[in-house]
Amino acid sequence: MDDTTMMYFGMSMVIIFIVAANFGTFGGGIYGYGVILICILGVVFLLMMTFADFIVFPLMTGLFGITFQPSRNYKITRGQEAVIKNVNGLYYATGYLTANLFAHTFKAEAAPEGEDERRMVAPENWEKAVMSLDFPFKFHVMSSALDVQQVRDELEGKRSYQEFQMSRAMQSKNTTEVIMADLQRNINVIQAKMDRISQEEKPIANLMYIETTAVGVSEKAALDNLSAQLKQLSIAMGVLDVQILRVVGRELYTLFKFSFALPTTYEELSSNFDIQQ
Amino acid sequence: MENAGIFVFIGLLMIAIFMVLVEITIPQGVIDPSYRLVILAVAFFFDLMAFSSRFYGYLFLPVLKQRKRHIVLSNEDAYWLSTTGDSILHKEGDMFTSTIYIKIPLYISATEMGETEKMEFTRQCARVVCMSHDPIRFTSQMNVMNKDDYLKTIRDTIGEVENKEALIASGVKTDESEDRVKGKASMWHHMFDRISGTASFEMITYASVSGKGSKEFEAISAAQARSRDAMSAIGSIFGVPPSIVTGEALLKFVEPEYLIPYSTISEQITKQIREQVS
């Protein structure tokens, strides 16, 4: 969750606090339970819109059969999983997959072992993946270099906070080994990132995604072909050790717009996606 | 646009808070408690809408205005070619965005590389990805080659050779022997079958950058400035001369129908129908 979303979430929760603080004014008994139920549902829906909107939004549009026209000649399907263009009776369905490198770049405490070997086989793996495909696709890497000093300062701040938490945990009697190990791991991850910056590795914000287009004589045929192509892509690109997920919902609309206009600032890029750093 | 989103959020949130505050200030017994629950539920609905405006604000107005199952977010063309011919333009609100495509001519394969070259190539890719402070997109695109012109040339040649073959068969003397003409016809037929039988693919690597402006020329100038920086960095890292894609060639990177030529699709459909029938 980015800072802006957090601010939106915090402010939306204000209403819950107001109701909780004045609970007595709503009356007791069954109405009291009703208020509690509405509050719980409110929080649940807010959390769902925060963390699972990619499920909720397509579910709603699918249920009500809602489609969107993002621009002339294009249509976003009711399942929010593809953009369709009709050209002279032929349907071109375009779908997207994320291809994130989160798995081994950002969760590890140190650079994974055998990184040099992995780098060496990367071009070959890429060529093998490409050769196994027989339909058009695009592999996009969108990046924006970050300010080294700013990133370093942020990491130092985070490390200091974790160290403070650790010193508090050490003084507390309820601290378990699991909590200590978790805090130590967090510190190690931050330290590993700082070390990589010290070794002149530049911090970047990165967004990687794959786009493919399938053709059909009807919308359904095009969508079926697209699903088959996306499956093949997931299998072929699996060799590159990237986390592959099908893009649905609002992110599909954003990626569609990227076909014609890219973000021009890092803030613009990061406001729509969970960016890798 | 971002500011407009915040105003929508604040507006909806204020409605929700106002409803709850009104409900709190009304003494018990004035209105039926079940109505209180309904008002509270409506307040939560507005609260949820306020939060949803973070990412779905662009849908609110069209959904409310149109109230249909097919909602038109924009009836404009997604883009148009700039007058300079080197970029595409997109308009959102009052702002223009110009996008320039830079072709990176990389014609190397991992099979031709040694171990050190592979490492060096990976390093070059890492360097190029983190070269710019402004967002830049690198793309490797695989598309079906349009062989229509080439196939037409072969078909014409086959026609000429077969014509010669017919002349020889009817006793007319030509500058080539009968065996040679027959061999030629067989060769061209074989070549035609081979080339038209399977789809050929091409891999293109390119970078794209965008610039924004309140006027078309401002956006184009901003994008051009960024593309110049990107080109010099790409050129120095890979040692190749990148070039800006202009005119109709841009369509291959933007339009889905340019990824697969029409002739290939008709062949695929015919093949599918044949498979279904047999």
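Modeller: Two strands count as paired if DSSP finds at least two bridges between them, and helices (H or I, at least four residues) and strands (E, at least two) are DSSP runs, numbered from the N terminus. This is a predicted model, in which local features need pLDDT of at least 70 and side-chain atom pairs pLDDT 80 or more, while totals for chains, interfaces and linings use all residues. Residues are numbered from 1 along each chain as its sequence is written, and chains are lettered from A and ligands numbered from 1 in the order in which they are written.

Biologist: Then let me begin with a hairpin: which residue takes a positive phi near 50 degrees in the hairpin of strand 3 of chain A and strand 4 of chain A?

Modeller: That residue is A:N88, in a hairpin that has two residues between its strands. Strand 3 (residues 83-87) of chain A and strand 4 (residues 90-100) of chain A are antiparallel and share five bridges, and A:V83 has A:T94 of strand 4 as its bridge partner.

Biologist: How many bridges join strand 2 of chain A to strand 3 of chain A?

Modeller: Three bridges join strand 2 (residues 74-76) of chain A to strand 3 of chain A, again in the antiparallel sense, and there A:V83 stands opposite A:I76. The hairpin of strands 2 and 3 of chain A has six residues between the strands, and in this hairpin A:Q80 has a positive phi near 60 degrees.

Biologist: Turning to chain B, which strand does strand 4 of chain B run antiparallel to?

Modeller: Strand 4 (residues 95-103) of chain B is joined by eight bridges to strand 6 (residues 201-213) of chain B, with B:I102 placed opposite B:A207. Strand 6 of chain B also pairs with strand 5 (residues 136-144) of chain B, in the antiparallel sense and over eight bridges, and here B:N143 faces B:E202.

Biologist: And which strand of chain A pairs with strand 5 of chain B?

Modeller: Strand 5 (residues 137-145) of chain A does so, antiparallel and over seven bridges, and A:V141 has B:F138 as its bridge partner.

Biologist: That brings me to the chains themselves: how many residues of chain B are in contact with chain A?

Modeller: Contact between two residues requires their C-beta atoms, placed from the backbone, to lie within 7 Å. On that basis 75 residues of chain B are in contact with 69 residues of chain A, and helix 2 (residues 33-66) of chain B gives the largest share of chain B's side, 15 residues. By class, the side of chain B that touches chain A holds 44 nonpolar, 19 polar and 12 charged residues, where Ala, Val, Leu, Ile, Met, Phe, Trp, Tyr, Cys and Pro count as nonpolar, Asp, Glu, Lys and Arg as charged, and the others, Gly among them, as polar.

Biologist: At what angle do the axes of helix 2 of chain A and helix 2 of chain B cross?

Modeller: Axes are lines fitted to C-alpha atoms, for helices over the stretch in contact, with angles from 0 to 180 degrees between N-to-C directions; angles under 35 degrees count as roughly parallel, over 145 as roughly antiparallel, 65 to 115 as roughly perpendicular and the rest as oblique. Helix 2 (residues 29-51) of chain A and helix 2 of chain B have axes that come within 10 Å and cross at roughly 10 degrees, and the two helices are therefore roughly parallel. Among the residues that meet are A:I38, A:F45 and A:M49 from chain A, and B:L37, B:F44 and B:F51 from chain B.

Biologist: How does helix 1 of chain A pack with helix 2 of chain A?

Modeller: Helix 1 (residues 3-21) of chain A and helix 2 of chain A lie with axes 10 Å apart at an angle of about 175 degrees, and so they are roughly antiparallel. A:T5, A:F9, A:S12, A:I16 and A:V19 of helix 1 meet residues of helix 2 including A:V35, A:C39 and A:L46.

Biologist: Is A:I15 buried or exposed?

Modeller: A residue is buried if 20 or more other C-beta atoms lie within 10 Å of its own, exposed if 12 or fewer, and partly exposed in between, with C-beta atoms placed from the backbone. A:I15, in helix 1 of chain A, is buried because 25 other C-beta atoms are within 10 Å. Not counting residues up to four places away in sequence, A:I15 touches B:A16, B:I17, B:V20, B:A43, B:F44 and B:D47.
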